[in-house]
Amino acid sequence: MTAVADDPSRSDERGRRGVSPTILIATLSTIGIVVSLMQTLVVPLIPSLPALLNTTPTNASWVITVTLLASAVCTPISGRLGDMFGKRRILLFDLLAMVIGSVLCAMSSSLIPSVAGRALQGVAIGAIPLGISILRDELPPERVGSAMAVMSSTLGVGGAIGLPLAAVIAEHADWHVLFWAAAAMGTVGAALIFRFVPESPVRTPAPFDFGGAAGLATALLALLIAITQGAQWGWTSSSILTLFAISILVFLGWGRYEIGRRHPLVDLRVSARPRVLFTNIASIAVGFSLYGMSLTFPQLLMAPAETGYGFGLSMVAAGSALAPSGCVMMLLSPVSARISARFGPKLTLGIGSGVVGLGYLCASATMNSVWQIMLASVLVAGGVGLAYAAMPALIMGAVPVTETAAANGLNALMRSVGTSTSAAVMSAVLANMTITLGSQVLPSRDAFHTTFLISVAAACVAIALTALIPKQTNMADPA
């Protein structure tokens, strides 16, 4: 594949290339935070969703699950389309999908339109790997490392700050306002892209691999539906076992098909390079650890004080207690870039994974006050920020410049697989290790301890995988 530049006569796009690096970084980072907010947008509504949508709790859970599925399926496809047809163009398309989905949810009070709208919101997550690739294409080499680190961290930052923001809106206004606010943010984001983000001249002219996209989508949907619904449907039920079998068979067939393609959706030969492969597998472990915090810490803070371990906080108060973790994640991104520049991103990823494990160990040992939980969340978030910021540097140091968006999209997919797996495992632990308080069935203290120790194990796996990443011997790009 050959990198080509856009037609020089397109002066309307070339004229934008004079935008300052600071403005470009700020714009794309803002977009990253906006789209990642979609992950936690409806979390404050979870207890009320069945009544709000006039449906069963099982059906209402699809309002959460479908966003994860859509983002996992569309992110690598979005990255590939960006490499082929222009990253800015696909970035705008992602924001448009988010706006349409938000408006659809805002105008409905029934299940089907809400699920469809949430699926469209999930499409927007593909904006983050696209933004990372645009930064690599547009910035001078000395700015690329720190910019990519900041952009990569927005995936966690948006989710962290989105929880208290969504809780405040849900508590003081009609629930539809959440989606009108999302539509407004998406519209503003699209305007910022149109004004400040240039179209990258790096393209990969090739026909789109529709067969590869269909195969990947089918395999991922089967896998992620099985993971996210396993606790509800039963892990040994025929439906779950069938979905796992379909996923394995389709993945095998898809891999053989992709290897035989001249222009595949995912270049498996590049993805199989040890530096890329072990980084992506480590991403699953780090994503698993991140979601462990997002799912367990709020429940611990909101558990009634009568349990002997809970603090009885409201959703707004719990979200506010965890909000500093998002700020720490963003602040540590430039630190991650400096460590990577001096010692290499492999070390940064290892340090980040170690800090994540330390945070969960602290949570397991200290559950006596809110400030201790806040400290543990800050440690976990700081570690995730370091790790997430190191991943693009590892990936893009090992892939051709013509495949940066697709490679980052695949890495983002691996993080999604980690978070979805974490959601299934943590939910199963919290649902099966319980105590009864009056008429309430609540997770026990041992359940929280178990989830923390599982997350520590995931962080240790990430450290081990990081150790297997070979040193970079021939950078694909000087940046």
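Me: Which residue takes a positive phi just after H11?

Reply: Gly-234 does, with a phi of about 100 degrees. Keep in mind that this is a predicted model.

Me: Where does H11 bend?

Reply: At Ile-227, by about 40 degrees.

Me: Now packing. Which residues have the most contacts inside the largest nonpolar core?

Reply: Phe-297 and Leu-349. That core has 89 residues. Its largest share, 11 residues, comes from helix H17 (residues 370-396). Another core lies apart from it, with 26 residues, including Ile-225, Met-414, Val-417 and Ala-424.

Me: What does Leu-349 touch, beyond residues up to four places away in sequence?

Reply: Ala-282, Val-286, Ala-387, Ala-390, Met-391, Leu-394, Thr-466 and Ile-469.

Me: Back to helices. Why do residues three or four places apart point the same way?

Reply: Because an α-helix has 3.6 residues a turn.

Me: Take Gly-117. Which helix holds it? Is Gly-117 buried or exposed?

Reply: Gly-117 lies in helix H7 (residues 111-123). Buried means under 20% relative accessible area. Gly-117 has 0%, so it is buried.

Me: What is in contact with Gly-117, leaving aside neighbours within four places in sequence?

Reply: Gly-101, Leu-104 and Cys-105. Compare sequence with space, too: Gly-117 and Ile-100 are 17 residues apart in sequence and 7.3 Å apart in space, C-alpha to C-alpha.

How values were computed:
Residues are numbered from 1 along each chain as its sequence is written. This is a predicted model: local features need pLDDT of at least 70, side-chain atom pairs count only at pLDDT 80 or more; totals for chains, interfaces and linings use all residues. Side-chain values use heavy atoms; hydrogens and water are left out. The bend at a residue is the angle between axes fitted to the seven residues ending there and the seven starting there. Helices (H or I, at least four residues) and strands (E, at least two) are DSSP runs, numbered from the N terminus. A nonpolar core is a set of buried Ala, Val, Leu, Ile, Met, Phe, Trp, Tyr and Cys residues joined through side-chain atoms within 4.5 Å. Buried means under 20% relative accessible area, exposed over 50%, partly exposed in between (1.4 Å probe, protein chains only). Contact means heavy atoms within 4.5 Å.
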